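Let's walk through this protein together, one piece at a time. Take a moment to turn the model around before reading on.

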Amino acid sequence: MPRKKYIIANWKMNLSLAQTLSLAKKFKEKFKGFKQAEIAVCPSTLVLADTAKILRHSGIALGAQNVFWQEAGAYTGEVSPAMLSEAGCGYVILGHSERRKYLLENYEIINKKVRAVIKNGELIPIVCIGESSEERKTDRRDFVLVEQLEQAFSGVEIFGNQRIIIAYEPIWAIGTGTAIEPAEAEYAHKIIKLALNDIVGMRLVSQNFNVVYGGSINSKNVKSFADLENMDGLLVGGASLNADEFFKVAKEITK
Ligand code: PEP
């Protein structure tokens with residue numbers, strides 16, 4: 001039986017609180033009875049708890065877009081893994097390239113977050129990696145992916161059935177309308193799995209890890225990603241802001 005795919009909506013900071021709740025209601029309606037994939041939505045931190053109330057019993061999971069690495073204390077403005085879980089989250093995006101660019105998050109910080117989330121044990125981390133256009137042009141993609149994974153998982157101990165999702169998000173493909181060629185995504189996903197084999201071991205990679213793709217996916221280009229061997233799902237930005245469009249993406253990738 002094919003493994004269930006993960007299809008994750010990253011709503012970023014695109015919606016007001018009222019718009020978020022309205023979109024969550026539309027998702028709930030649209031995905032009623034949809035069991036072919038794991039669906040998760042990641043709204044702004046501010047509206048997580050209210051979105052959780054809407055999504056209760058819908059089968060749609062909730063994710064956050066960020067977390068801090070400490071459990072509690074004097075960390076103004078931050079939110080812990082336990083708080084996210086208490087608010088109803090099952091997922092958290094870590095190290096998105098927009099946070100690396102605008103908040104100067106580096107892989108040392110991302111590593112602390114990965115450790116904290118895994119220690120907490122209640123959330124599935126979605127760890128974003130991906131090369132810039134410059135790195136791709138100069139043939140450094142494979143090296144960059146391996147290095148980002150090594151840094152993110154350095155000293156991380158994975159317990160039991162902790163699930164971990166790696167989102168391969170080439171920076172040059174995010175929000176540009178141009179997705180990667182499916183064959184290139186398949187190649188990158190293979191590199192990611194091979195690198196993970198070295199870092200955490202083959203058994204954990206096959207039991208605990210999934211690799212999803214993110215970058216300008218929509219209902220028109222998604223078809224050609226459906227049959228890739230190493231593709232465990234999608235992280236979707238722009239196309240997830242419309243329930244009909246996101247539903248089409250989900251239907252196509254699970255056909
Ligand atoms: C993202 O930023 O995670 C993303 C995949 O965005 P988009 O689909 O808009 O390229």
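In what order do the 8 strands close into a barrel? The order is 1-2-3-4-5-6-7-8, and the pairing is parallel. From one strand to the next, the twist averages 25 degrees. Helices (H or I, at least four residues) and strands (E, at least two) are DSSP runs, numbered from the N terminus, and two strands pair if DSSP finds at least two bridges between them. Angles run from 0 to 180 degrees between N-to-C directions, and axes are lines fitted to C-alpha atoms, for helices over the stretch in contact.

Before going further, keep in mind that this is a predicted model, in which local features need pLDDT of at least 70 and side-chain atom pairs count only at pLDDT 80 or more, while totals for chains, interfaces and linings use all residues. Residues are numbered from 1 along each chain as its sequence is written, and side-chain values use heavy atoms, with hydrogens and water left out.

Now look at where the barrel closes. Buried means under 20% relative accessible area, exposed means over 50%, and partly exposed lies in between (1.4 Å probe, protein chains only).

Next, find helix 10 (residues 243–253). Because 8 of its 11 residues are buried, helix 10 is largely enclosed by the rest of the structure. Among the buried ones are Phe246, Phe247 and Ile253. The buried residues of helix 10 pack against strand 1, helix 1 (17–30), strand 2 (37–42) and strand 8; contact means heavy atoms within 4.5 Å.

Let's move on to helices that pack together. Two packed helices are described by the angle between their axes and the distance between the axes. The axes of helix 5 (residues 107–120) and helix 7 are 7 Å apart, at an angle of about 50 degrees. Helix 5 and helix 7 are therefore oblique to each other. (Angles under 35 degrees count as roughly parallel, over 145 as roughly antiparallel, 65 to 115 as roughly perpendicular and the rest as oblique.) Tyr107, Ile110, Asn111 and Val114 of helix 5 meet Gln148, Gln151, Ala152 and Phe153 of helix 7.

Helix 7 (residues 141–153) has another partner, helix 8 (residues 182–200): their axes come within 10 Å and cross at roughly 40 degrees. That angle makes helix 7 oblique to helix 8. The residues in this contact include Leu145 and Leu149 in helix 7 and Ile191 and Ile192 in helix 8.

Finish in the loop between strand 6 (164–168) and helix 8, the place of Ile171. Ile171 is partly exposed, with a relative accessible area of 33%. Leaving aside residues up to four places away in sequence, Ile171 touches Ser97, Arg100, Gly130, Glu131 and Ser132.
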